[in-house]
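Biologist: Could you take me through one part of this model up close, the sheet and what surrounds it? I'd like one connected answer.

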Amino acid sequence: MSESMSGDHKILLKGHSSQYLKLNVGGHLYYTTIGTLTKNNDTMLSAMFSGRMEVLTDSEGWILIDRCGNHFGIILNFLRDGTVPLPETNREIAELLAEAKYYCITELAISCERALYAHQEPKPICRIPLITSQKEEQHLLSVSSKPAVILVVQRQNNKYSYTSTSDDNLLKNIELFDKLSLRFNERILFIKDVIGPSEICCWSFYGHGKKVAEVCCTSIVYATDRKHTKVEFPEARIYEETLQVLLYENRNAPDQELMQATSSARVGSASGTSINQYTSDEEEERTGLARLRSNKRNNPS
């Protein structure tokens, strides 16, 4: 039907590009020319006012468009000039984006999307708490439902000069901590301690609020009559213990047979809790002693 009960009716527009039209967009009234509305051939407005489609008018000759008219003035200015200042708030930009998409004004829609993306606040991938007291550390461990990895790193605790590779190894430990925290932050609570006890570089691993393993990366070595601090980077051991604490993700304690099968060096404590405590030097010494005993058994004197 071309005629409605309210007196509105549809017409085909025929006119010059300079002819003015009266538009009622959702109750907002605008005057503009056919040339402005048809300036961009790829838009819906161009199709509506090219004379090929019928448009709905009321009894007073206002062309009716059933859309929100709050931002239609920006739409017209963009068609006139090819550019336009965008609204200040994200909400208004999102509203303008919806209108630009409806009218198929691609360039304006892209500008709105870029503005919305630029206004978005980046969400942190993970948060690493820095320990300021022993009490704070205990609180974090008690309230977290995740297993935890704590790295103590404090170069100022050193009493002796460092060996030649210690500075590099200290940095490697910090870099590995960052990599692990990015990879496992959703499953493990990572904590960095920079003002804790006397350790220079030490990893601690916690499950169900209790320490289950430790990897100390510093030791004292002798060179002539001087003592030196040696910082090591036992990367494989740190990876191993990090994967081990994932066994403590569930509330139930991990299966002891599985723990024994996956652990290379567990030392039982009086309470039944097993903690790995070793450095690379200690591991090398244990390996050497074991090799010496094996040679004696195979070649008795």
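Modeller: First, a ground rule: two strands count as paired if DSSP finds at least two bridges between them. Keep in mind too that this is a predicted model. With that rule, you get an open sheet of 3 strands, ordered E8-E13-E12, and the pairing is mixed. The edges belong to strand E8 (161-162) and strand E12 (218-223); each has a single partner strand, so one side of each is left without a neighbour in the sheet. Now look at the E12 side: E12 and strand E13 (residues 226-231) run antiparallel, with 6 bridges joining them. If you want one of those pairings to click on, take Ala223, whose bridge partner in E13 is Arg226. Then there's a helix packed on the sheet, namely H7 (residues 166-184), which touches E8 and E13. The direction of H7 makes about 30° with that of E13.

For the surroundings, step over to the nonpolar cores. The largest has 31 residues, and Leu23, Leu45, Phe49, Phe72, Ile75 and Leu108 are those with the most contacts inside it. Among the elements that each supply at least two residues of this core are strand E2 (20-25), helix H4 (90-102) and helix H5 (106-119). Its largest share, 6 residues, comes from H3. Zoom in on Ile75: leaving aside residues up to four places away in sequence, Ile75 touches Leu45, Leu96, Glu99, Ala100, Tyr103, Ile105 and Leu108. There's also a second, separate core of 24 residues, which includes Val153, Phe177, Ile200 and Val212.

Definitions and conventions
Residues are numbered from 1 along each chain as its sequence is written. This is a predicted model: local features need pLDDT of at least 70, side-chain atom pairs count only at pLDDT 80 or more; totals for chains, interfaces and linings use all residues. Side-chain values use heavy atoms; hydrogens and water are left out. A nonpolar core is a set of buried Ala, Val, Leu, Ile, Met, Phe, Trp, Tyr and Cys residues joined through side-chain atoms within 4.5 Å. Buried means under 20% relative accessible area, exposed over 50%, partly exposed in between (1.4 Å probe, protein chains only). Helices (H or I, at least four residues) and strands (E, at least two) are DSSP runs, numbered from the N terminus. Contact means heavy atoms within 4.5 Å. Axes are lines fitted to C-alpha atoms, for helices over the stretch in contact, and angles run from 0 to 180 degrees between N-to-C directions.
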